[in-house]
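Here's a quick tour for anyone meeting this structure for the first time. Have a look at it, then read on for the main points.

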Amino acid sequence: MAAPVLDLDAIRQGGKPALARALAAIETGDGSDAVASLLDAAVADPRGHVLGLTGPPGVGKSTLTDTLLKRWRKAGESVGVIAVDPSSRISQGALLGDRTRLKTDPEDTNVFVRSMAARDRLGGLSDHAVGAAALMRAVFDRVIVESVGIGQSEADIALVADTILLCIQPGSGDSLQFMKAGVMELPDVVAVTKADMDQAARRAVADVEGALTLALGEDASWKAPVVAVSAATGTGLDGLSDALDSHRAHLSSAGHLATRRARQNRQWLDQALKSRFGTVGAKLVTKVDLPDAEARPFAAIKTASDALKAALASL
């Protein structure tokens, strides 16, 4: 079987089959020069905006993902989805397979859904998922990364998202747990799902707004709005869409988006090395001459990984 063509323009023009082959190559060809070159080309030419959608299991993330996907497609925008699922301890594959829950038209060439396994990352985003997000951002107008869930140690969604949407369910006590865990520092927009629960939903909105006043987010110039939504009834969906668009506009002003993405690129290098070589191993990379991690993060990851592997082999 011929190797897939790992050229960004060819992938953009090749539709779903070309993208599927490229994503498979990211998972199977991890560490190759061709994959690193493709992903750095994608980093250099992003086209879309990445929404990181997260929240505890059962909050309705998949339903909301499906709703947003349909709204954006109706508006004529192309949409890519990375649905991260818990991993099988045996096969390391995705257990639930979000593609079975998201209803898309197989003939629609402007929508693509990919399920990916969380593997051994608590935060739910493996290095492969980070690479997939970078590539899909260069292909689609909108990208949704739906994480496996969020809790006291699970904040990897911030590695890839331009806008983080945190979903909270009424009556669950999530807002108190998140306040305790510091998760309220992450979201750019908060959606209280199942707004048809009326009083419980209103109470949850008030609780979340209170929790947000105590959070110290990275962007002091943006206050995360809280929107009560119901995907089942359509309540609040226009308001949620407006909130997401407002944050996107905010990022486009004063260089906020470029700053966020440059920081993410540096974090990709740090997290990749820690996951592969541990904290001590990652510190040794300071002695290696690396490509600029902000401009070529995947080349930097490959160069550092090769150097650390060689150092370990010589022991």
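Lys194 is partly exposed, with 31% relative accessible area. Keep in mind that this is a predicted model. From that loop residue we'll move on to a second one, then to the nonpolar cores and a pair of packed helices.

*Two loop residues with positive phi*

- You'll find Lys194 in the loop that runs between β6 (189-192) and α6 (199-213).
- Its phi is near 55 degrees, which is a positive value in a residue other than glycine.
- Asp198 also sits in the loop between β6 and α6.
- For Asp198, phi is near 50 degrees, again a positive value in a non-glycine residue.
- Is Asp198 buried or partly exposed? Asp198 is partly exposed, its relative accessible area being 46%.

*The nonpolar cores*

- The largest nonpolar core is made of 48 residues, and Leu135, Val145, Trp268 and Phe298 have the most contacts inside it.
- At least two residues of this core come from each of α1 (8-28), α2 (33-44), β2 (79-85), β3 (111-117), α4 (127-137), β4 (142-146), α8 (256-283) and α9 (297-313).
- Which element gives the largest share of this core? That's α4, with seven residues.
- Domain 1 (46-254) and domain 2 (261-314) both contribute residues, so this core lies between them.
- There's another core apart from this one, with 23 residues, including Leu64, Ala191, Val229 and Leu240.
- As background, nonpolar side chains tend to be buried together in soluble globular proteins.

*Phe298 up close*

- Setting aside neighbours within four places in sequence, Phe298 is in contact with Ala36, Leu39, Asp40, Val43, Val130, Gly131, Ala134 and Trp268.
- Phe298 and Trp268 are both among the residues with the most contacts inside the largest core, and they turn up again in the helix pair below.

*How α8 and α9 pack*

- The two helices α8 and α9 pack at an angle of about 15 degrees, and their axes are 9 Å apart.
- Angles under 35 degrees count as roughly parallel, and α8 and α9 are therefore roughly parallel to each other.
- The crossing of α8 past α9 is right-handed.
- On the α8 side, the residues that meet α9 are Asn265, Trp268, Leu269, Ala272, Leu273, Arg276, Phe277 and Gly281.
- Their partners in α9 are Pro297, Phe298, Ala300, Ile301, Ala304, Ser305, Leu308, Lys309 and Leu312.

Conventions: Residues are numbered from 1 along each chain as its sequence is written. This is a predicted model: local features need pLDDT of at least 70, side-chain atom pairs count only at pLDDT 80 or more; totals for chains, interfaces and linings use all residues. Side-chain values use heavy atoms; hydrogens and water are left out. A nonpolar core is a set of buried Ala, Val, Leu, Ile, Met, Phe, Trp, Tyr and Cys residues joined through side-chain atoms within 4.5 Å. Buried means under 20% relative accessible area, exposed over 50%, partly exposed in between (1.4 Å probe, protein chains only). Helices (H or I, at least four residues) and strands (E, at least two) are DSSP runs, numbered from the N terminus. Domain bounds come from an automatic or database domain assignment. Contact means heavy atoms within 4.5 Å. Axes are lines fitted to C-alpha atoms, for helices over the stretch in contact, and angles run from 0 to 180 degrees between N-to-C directions. Angles under 35 degrees count as roughly parallel, over 145 as roughly antiparallel, 65 to 115 as roughly perpendicular and the rest as oblique. A crossing is left-handed if the near helix is turned anticlockwise from the far one by less than a right angle, and right-handed if clockwise.
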